[in-house]
Amino acid sequence: MAGGTSTAATTDADDTTAVTETAAAKTVTASVVGASGFAGGELLRLLAGHPHFDLQQATSRQHAGKSIGSTHPPLRGTELRYTEPTALESVDVLFAATPHGVSMGRIDEFFDAADTVVDLSADFRLDTAAQYDEWYDGHDAPAYLERAEYALPELNRENLPGADLIASGGCNATATILGLYPLFEHGILGGETGATDGDGAGEPGGDEQIVVDVKVGSSEGGAGGGAASSHAERSGVVRPYAPTGHRHEAEIEQWLDTSVAFTCHAVDMVRGASATSHVFPDAPVSEGDLWTAYRECYEDEPFVRLAAGGSGVYRYPEPKAVAGTNVAEVGFELDPSNGRVVVFSAIDNVMKGSAGQAVHAANIALGFAETAGLDFAGLHPVGSP
Amino acid sequence: MTTCTACGADVSLHDDLEAGEIVDCTTCGVELEVIETAPPVLDRAPELEEDWGE
């Protein structure tokens with residue numbers, strides 16, 4: 001069964017190919033619940049091309065009986081058809097791409113069907129029921145929170161091997177955390193973070209002033225849509241939403257052990273989350289200090305690229321450069337006139353911010369090569385991502 | 001092999017390096033001018049400034 005591969009897992013980002021022969025040759029069965037949405041479609045696409053997953057089932061109440069290609073055109077020609085969500089068959093790994101609140105209500109059913117559950121919603125990302133009371137609408141299955149491992153592999157890789165409940169990190173939180181993490185890890189901001197010891201614990205204790213502005217594409221709103229999502233209303237916008245109190249702040253606080261002033265704008269792109277964070281370190285910092293921090297954190301990471309004022313057209317991170325990939329681009333610039341460090345990070349929200357990150361985490365949990373099924377480098381040029 | 005003056009990463013250089021040549025760092029992407037060849041000395045290459053509405 002899937003959980004049996006845990007002893008084969010690597011915990012070293014430097015050695016993403018250091019998997020055992022058993023794991024490298026292994027194929028496990030997998031299904032996707034909530035497969036008709038954007039993240040679900042990306043999961044289907046990734047799993048269909050993955051060397052170690054055998055895709056069994058895709059559920060959708062709305063589209064039951066139709067082929068998965070009917071909603072996800074890249075998968076046209078695939079014989080797999082949607083089934084009712086209540087008709088789960090036994091598999092090794094179950095990926096849940098359902099709206100927030102669904103997985104916590106069905107988690108026992110999910111574990112009846114699978115050894116490993118990878119949840120893409122926010123249902124198991126936070127450590128405590130109290131956090132769900134504060135940031136969401138409470139929690140129906142708090143006993144599972146301690147069991148879940150947060151899937152931002154760059155920060156929590158060591159706890160993912162063998163994990164049987166994986167909570168894939170949120171898109172905006174992923175972009176923000178990856179941008180700011182090296183500053184905390186190297187003491188440029190704050191002190192020890194929850195991330196460094198992997199426990200994700202601790203009250204926000206930092207007194208840093210951090211302002212985060214994230215520009216997001218329309219796919220973050222899901223495939224359902226609403227009045228604000230019609231083309232006539234959505235096209236051309238630079239629209240503030242959740243100007244304060246965005247729920248992803250909870251993940252950021254949990255993993256960086258600090259609070260942030262966080263605002264999102266919906267902009268005219270389909271894929272992508274681009275986070276710009278403004279920070280003011282207490283002590284003077286040099287460009288060399290910043291490069292040391294970012295290089296040491298990320299130079300061995302398979303899915304983080306640095307882009308910070310180099311040459312060419314794409315000098316800083318932007319969603320176009322990572323569209324369709326599981327890559328996060330991270331960069332920064334120092335303003336010597338006032339000591340501000342402005343940090344940029346860009347991801348494809350449906351990939352590194354959702355389905356790609358979930359598959360990356362599953363690869364680690366099951367002992368597969370970290371990059372298995374995820375080594376697509378992207379396209380250039382592309383239009384609006 | 002030498003070191004990028006911007007980010008500190010190792011920069012691999014080819015054998016027939018010439019002074020004045022421009023190379024780029026594969027880590028940070030900055031363009032570097034070869035000032036001396038033996039031993040190699042690099043410095044950040046001058047850039048054309050772009051005015052994005054400033």
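**Note on the predicted two-chain model**

1. Start with helix α11 (residues 351-366) of chain A. It lies across β1, β4 (91-96), β5 (114-119), β6 and β7 (165-168) of chain A, at about 150° to β7(A). Axes are lines fitted to C-alpha atoms, for helices over the stretch in contact, and angles run from 0 to 180 degrees between N-to-C directions. Helices (H or I, at least four residues) and strands (E, at least two) are DSSP runs, numbered from the N terminus.

2. A word on the basis. This is a predicted model, in which local features need pLDDT of at least 70, side-chain atom pairs count only at pLDDT 80 or more, and totals for chains, interfaces and linings use all residues. Residues are numbered from 1 along each chain as its sequence is written, while chains are lettered from A and ligands numbered from 1 in the order in which they are written.

3. Seven strands of chain A form an open sheet with parallel pairing, in the order β3-β2-β1-β4-β5-β7-β6. β3 (82-83) and β6 (149-151) of chain A are the edge strands; each has a single partner, so one side of each lacks a neighbour in the sheet. Strands pair if DSSP finds at least two bridges between them.

4. One pair in detail. Strand β1 (residues 28-33) and strand β2 (residues 53-59) of chain A run parallel and share five bridges. V28(A) has F53(A) as its bridge partner in β2(A).

5. Helix α2 (residues 38-48) of chain A lies across β1, β2 and β4 of chain A, at about 155° to β2(A). Of its 11 residues, 10 are buried, so α2(A) is largely enclosed by the rest of the structure. Buried means 20 or more other C-beta atoms within 10 Å of the residue's own; exposed means 12 or fewer, and partly exposed lies in between, with C-beta atoms placed from the backbone. Among the buried residues are F38(A), E42(A) and R45(A). The buried residues of α2(A) pack against β1, β2, β4 and α11 of chain A.

6. Which residues does UniProt mark as "binding site"? The unreviewed entry gives S36(A), G37(A), F38(A), A39(A) and N349(A). Positions follow the numbering used here, feature names are shortened, and annotations may be inferred rather than shown by experiment.

7. Take A39(A). It is found in helix α2 of chain A. Beyond four places in sequence, its contacts are A97(A), L120(A), V350(A), S354(A) and A355(A). Contact means C-beta atoms, placed from the backbone, within 7 Å.

8. Now N349(A). It sits in the loop between β14 (340-347) and α11 of chain A. With 31 C-beta neighbours inside 10 Å, N349(A) is also buried. Leaving out residues up to four places away in sequence, N349(A) touches several residues, including C171(A), E220(A), R271(A) and S354(A).

9. From the unreviewed UniProt entry comes "domain: Semialdehyde dehydrogenase NAD-binding" at residues 29-163 of chain A. That stretch is 25% helix and 21% strand, with its end C-alpha atoms 17 Å apart.

10. Chain B has zero helices and five strands. Of its 54 residues, 22% are buried. Among its contacts with a separation of 6 or more, 19% join residues 24 or more positions apart.

Methods:
Contact = placed C-beta atoms within 7 Å.
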